[in-house]
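Trainee: I would like to go through this structure step by step. Could we take it one question at a time?

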Amino acid sequence: QVQLVESGGGLVQPGGSLRLSCVASGSISSIGDMGWYRQAPGKERELVAQMTRSLNTNTADNVKGRFTISRDNAKNTVYLQMNSVKPEDTAVYYCFQVIRPIGLPYNTYWGQGTQVTVSS
């Protein structure tokens, strides 16, 4: 069975940096889109960034220039480099990967979330 494990969250000061990782494991044939959503208390879940297998990216306006998404297909991993973080970046961050398991069609898989808290 395919599962995604997130890491890298925690407490960081405003202006600081954090790097989130999301690793997929299981019997994987190929991976399409990868990306990150986040959800703050009382707010709707919002797309932070996504990247296709061909490396086309889409980044939310409120993080553009500060956050960078990257991927390593050989490691089944998507990253989110967070620089110049602000208190409003505080949220639970969820990764997703569109994965084709061996012998099965593509499906979307989600990480269980990692808390990012930006505070002094």
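**Strands, rings and a disulfide**

Mentor: S21 lies in strand β3, where strands are DSSP runs of E with at least two residues, numbered from the N terminus. The model is predicted, so local features need pLDDT of at least 70 and side-chain atom pairs count only at pLDDT 80 or more, while totals for chains, interfaces and linings use all residues. Residues are numbered from 1 along each chain as its sequence is written, and side-chain values use heavy atoms, with hydrogens and water left out.

Trainee: Is S21 buried or exposed?

Mentor: Buried means under 20% relative accessible area, exposed means over 50%, and partly exposed is in between (1.4 Å probe, protein chains only). The relative accessibility of S21 is 15%. S21 therefore counts as buried.

Trainee: Which residues does S21 touch, not counting residues up to four places away in sequence?

Mentor: Contact means heavy atoms within 4.5 Å. Residues up to four places away in sequence are not counted. The residues that S21 touches are V5, E6, S7, W36, V78 and Y79.

Trainee: Over how many bridges do β3 and β8 pair?

Mentor: Two strands pair if DSSP finds at least two bridges between them. Strand β3 covers residues 18-25 and strand β8 covers residues 77-82. In β8, Q81 is the bridge partner of R19. The pairing is antiparallel, and the number of bridges is six.

Trainee: Which strands stand at the edges of the open sheet of four strands?

Mentor: The order in this sheet is β1-β3-β8-β7, with antiparallel pairing. An edge strand here has a single partner strand, so one side of it is left without a neighbour in the sheet. The strands at the edges are β1 (3-7) and β7 (67-72).

Trainee: Which ring does the charged end of R19 sit over?

Mentor: A charge sits over a ring if NZ of Lys or CZ of Arg is within 6 Å of the ring centre and within 35 degrees of the ring normal. For R19 the distance to the ring centre is 4.1 Å. The ring is that of Y79.

Trainee: Which residue does the disulfide join to C22?

Mentor: A disulfide is a covalent bond between the sulfur atoms of two cysteines. Here the cut-off is a pair of cysteine sulfur atoms within 2.5 Å. The structure holds one disulfide, with an S to S distance of 2.1 Å. The partner of C22 is C95.

Trainee: How many residues apart in sequence are the parts that this pair ties together?

Mentor: C22 lies in strand β3 and C95 lies in strand β9. C22 is buried with a relative accessible area of 0%, and C95 is buried with a relative accessible area of 0%.

Trainee: What are the distance and angle of the aromatic pair of Y37 and F96?

Mentor: Rings of Phe, Tyr and Trp (its six-membered ring) pair if their centres lie within 6.5 Å; planes under 30 degrees apart count as stacked, over 60 as edge-to-face and the rest as tilted. The structure holds three aromatic pairs. The pair of Y37 and F96 is tilted, at 5.7 Å centre to centre and 55° between the planes.

Trainee: Is F96 buried or exposed?

Mentor: Y37 is in strand β4 (residues 28-39) and F96 is in strand β9, 59 residues apart. Y37 counts as partly exposed at 24% relative accessibility. The relative accessible area of F96 is 6%, so F96 is buried.

Trainee: Which residue of β9 is the bridge partner of I28?

Mentor: β4 and β9 pair in the antiparallel sense over nine bridges. I28 has its bridge partner in β9. That partner is P101.

Trainee: Which residue in the turn between β4 and β5 has a positive phi?

Mentor: Five bridges join β4 to strand β5 (residues 46-51), and the two run antiparallel. β4 and β5 form a hairpin with six residues between them. The phi in question is about 75°, and the residue is G42.

Trainee: Which residue in β11 does L11 stand opposite?

Mentor: Strand β2 (residues 10-12) runs parallel to β11, and three bridges join them. On β11 (residues 114-118), the covered face is T114, V116 and V118, and the uncovered one is Q115 and T117. L11 stands opposite T117.
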